[in-house]
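User: Please go through the cavities and the salt bridges of this model. Keep the answers brief.

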Amino acid sequence: MQHANRTLTSGLALAAATLAGVVVYAQLDGAGPGRELAPPDIAQEWRLDNNERDTFGQAPLGDYTGIAFNDAGRMRSDTTPESIWGTLEYQCRPHSSPHQWRGLGGARILKEQDPLTRKVSVYHIQFMRSLDRPIYMDGRPHPPAWAPHTWTGFSTGEWIGNTLKITTTHLKDGFLRRGSPQSSDMYSMTEYLTRHDDVLTIVTVIDDPLYLDQPYIHSTTYTVAQGSSLTMETCSGSFAENGGSDRHWVPHFLPGNNPALTEWLTTGDPRSNVGPENWVPLEAARGGLKTLYPEYRSTLTGATVDAAKASALTVPTLKSWTPASKAIADQSPRDGEVHVMPVQGNVYMLVADGTNITVSVGPEGVALVNTGSAAMSAKVLAAVEQLATTVVAATRPNQCFGATCPGVWGWSSPYIFTAINSPAPVRPIRYIVNTSAAAEAIGGNAKLGPAGSGFRAGGVGGVVDAVEGAPVIAHENVLTRLSAPAGKTPTAPMSSWPTVTYFDEFYKFPAYFNGEGVTVYHEPAATTDGDSIVQFRRSEVISAGNLFSTVSYPVIDLEKGGSIQGVIRGLNHILDLSFAEYRSQGGTWIVPGHGRLSDTADVASYRNMLVMVRDRVQDAMSKEMTLAQVKAARLSLDFDGRYGATTGPWTTDMFIEAVYRSLQEKK
Amino acid sequence: MRTRILLTVIAALVAAASASAHHSYTATYDTRNQVTLTGTLVQFVFKNPHSFVIVSAPDAKGVAQRWSLEWSGVGQLSNQGVKRETLKPGDEIVAVGNPSRVPGEYKALLVSLKRPLDGFTWGGRAGEAVD
């Protein structure tokens, strides 16, 4: 009995110990009743396993096997050469995000933890040639569509079991894998990181609504690299690697003129020593949704594709994204509202019903670049006043206590002044600049100009007083376009006209404004003959006006002296004035006339696109193609989904015609 | 002995890092063709991940152009005896390279380089290739 009791006691003790152990273990790894198992720790150094296709070496040029390219994606890839890396604005860009996991040098994952809950709030992923890439785990939303795009994008993460799902938006254009397959800047990326023991598997799903008919998916494997440290490579690009003497050189192939695309037909695939006779047929290697499915084999006879069979073949479609047209329109919403986007230094961007207004706010008052449409004037004025109050005049909480607080006039508790204070009146609009005579540039002049007060210098007694209304600055061709001689009807009422015009290459504000110099540069024969850009020199911001848009082709008004050559010259000028902060992004911010806030790489991408389209049209003209033939040839197919339109005030056909006629006039 | 093994490993790692450039050589240059340039060295840019030799030399039409010749990184070139002071502005050189795939672009991937004045040569010997 005693033995039985002892056995029972021992058994109970063992069970209790076991349970306690379970509890202790459970507490250690985070599991337990009502508690989920803690996710695996992925924060460490990782080594790339080069045992998957395309992780080392690259597919032959023109080989798009496994990519569901549509015609636009294929055309963009065929015409964009690797030499684009040599341009000044791209020399230091990191690998595009779809390829970054497959780049050389391993990966490092770091984590930030909440000091109280120990929950991971942010992971940071780094590669040898990359920028720091934060993955926010705290549930924050993604930025609005008018926020900038970067090489690494904006990422949020969530754990699903032992898999970290990362969703990334706001990505710049780039490439899907080394070599040539390109992506647009409207793609999003979903990654699934799963750790099994010392192996990390990354499945990457790339949705590009402009260039892909189905997501491009690949997996990459890493193993723990205990004790190693990620190699870091800074970039020292500083001159035109592409040779020649044209710093604005844009390398590209004319459609159908890239001889490298079928080179592999004679060389085979160097990665695997597979000869061309054993490779997939040329048409299948050119990618496309149908080529991804086994049923595609039924259309082949040897290496020959039966076009009729291929056309009749139906396969599932897995499109899962937001339509590109909506995502693009969201960058410049016509929603009747004013959205405020802080830019840098003194400068803010107002997204006002489809038009961007650049605002400098500071202790001297407000300067506006463009005034938006007349219909939005009241909302714009209210937004400007609220912004000025918030930035300059807002009451701030007391931050010091007692007689040690600084004071000039004799001490009194700052708390008292904080408690009984009220905001000082905001300084008014001091300057308005119109970058062209377009309706959305001058539409609010009549209301916003009189609401402001310009500076009046001098006078007896030297008092600097306000004059009636804020001066409206523009190139004199804007005034010419808006006004009319006596007896004739002007195109806009006098209340909308510029009051201070310049005729030269540039106009400087008469003195520092809000602590910085502001220069207005004329960009001749661009969208019109009166275009300007505005540079805020200390804030490092350029307001580009209608030279630059992220939602449409440039609206070139030939009747008012515009030309494609002038727009390209103007964009090159913006690039000459701008700096990247690091690795070809950030630094000088460029506010487009319409669309998302941008940097030098975005302007370069837009410039590159216009150069490619211009050269294609020029080539067609050299072959004596008529305007109708050029339009029918769809020479801008790879960019039409991004910037074109088939309806509305500025269609793709109108843009192509403007390019064609510009080249005829050779401005 | 251990030091030698370690140095060998480091050298191999440096070589590997240089071997997979951020951009692709074979995609950038037509490695099946070569162009020969006889001209004057403007600048030798000795840097990572790639060095460059800038040469003023005539193009196919006889017009002088600034050619940008892409070379290996600092680690690889140092192992081959090429140093920052090896080439000087004003040197008359003969360079052979794989031309860019893009028509009208004045750049090439260096295959060999000679300086007739003193007989300096690079290219052709074991390891003397940009890869």
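The questions and answers below cover cavities first, then charged pairs.

Analyst: This is a predicted model, where local features need pLDDT of at least 70, side-chain atom pairs count only at pLDDT 80 or more, and totals for chains, interfaces and linings use all residues. Residues are numbered from 1 along each chain as its sequence is written, chains are lettered from A and ligands numbered from 1 in the order in which they are written, and side-chain values use heavy atoms, with hydrogens and water left out.

User: What is the volume of the largest cavity?

Analyst: A cavity is a set of points on a 1 Å grid over the protein atoms alone where a 1.4 Å probe fits but cannot get out. Points are joined across faces, edges and corners, and the volume is the space filled by probe spheres set on them. The whole structure holds nine cavities of 30 Å³ or more. For the largest cavity the volume is about 220 Å³.

User: Which elements give two or more residues to the lining of the largest cavity?

Analyst: Lining residues have an atom within 4 Å of a point. The largest cavity has 21 of them, with A:Arg76, A:Tyr90, A:Asp173, A:Ser605 and A:Phe639 nearest its centre. Helices are DSSP runs (H or I, at least four residues), and strands are runs of E (at least two), numbered from the N terminus. The elements asked for are α14 (600-622) and α16 (637-643) of chain A.

User: How far apart in sequence are the parts that A:Arg607 and A:Glu89 tie together?

Analyst: A salt bridge puts a side-chain nitrogen of Lys or Arg within 4 Å of a carboxyl oxygen of Asp or Glu. The side chains of A:Arg607 and A:Glu89 meet in one at 3.2 Å, N to O. A:Arg607 lies in helix α14 of chain A and A:Glu89 in the loop between α2 (71-79) and α3 (97-100) of chain A, so the parts tied together are 518 residues apart in sequence.

User: Is A:Arg607 buried or exposed?

Analyst: Buried means under 20% relative accessible area, exposed over 50%, and partly exposed in between (1.4 Å probe, protein chains only). A:Arg607 has a relative accessible area of 1%. That makes A:Arg607 buried.

User: Which residues are linked in a network of salt bridges?

Analyst: The count over all chains is 31 salt bridges. The linked residues are A:Lys172, A:Asp185, A:Arg596, A:Asp599, A:Asp602 and A:Arg642.

Terms used: On a 1 Å grid over the protein atoms alone, a cavity is a set of points where a 1.4 Å probe fits but cannot get out, and a pocket is an open set with protein on both sides within 12 Å along at least five of seven lines; lining residues have an atom within 4 Å of a point.
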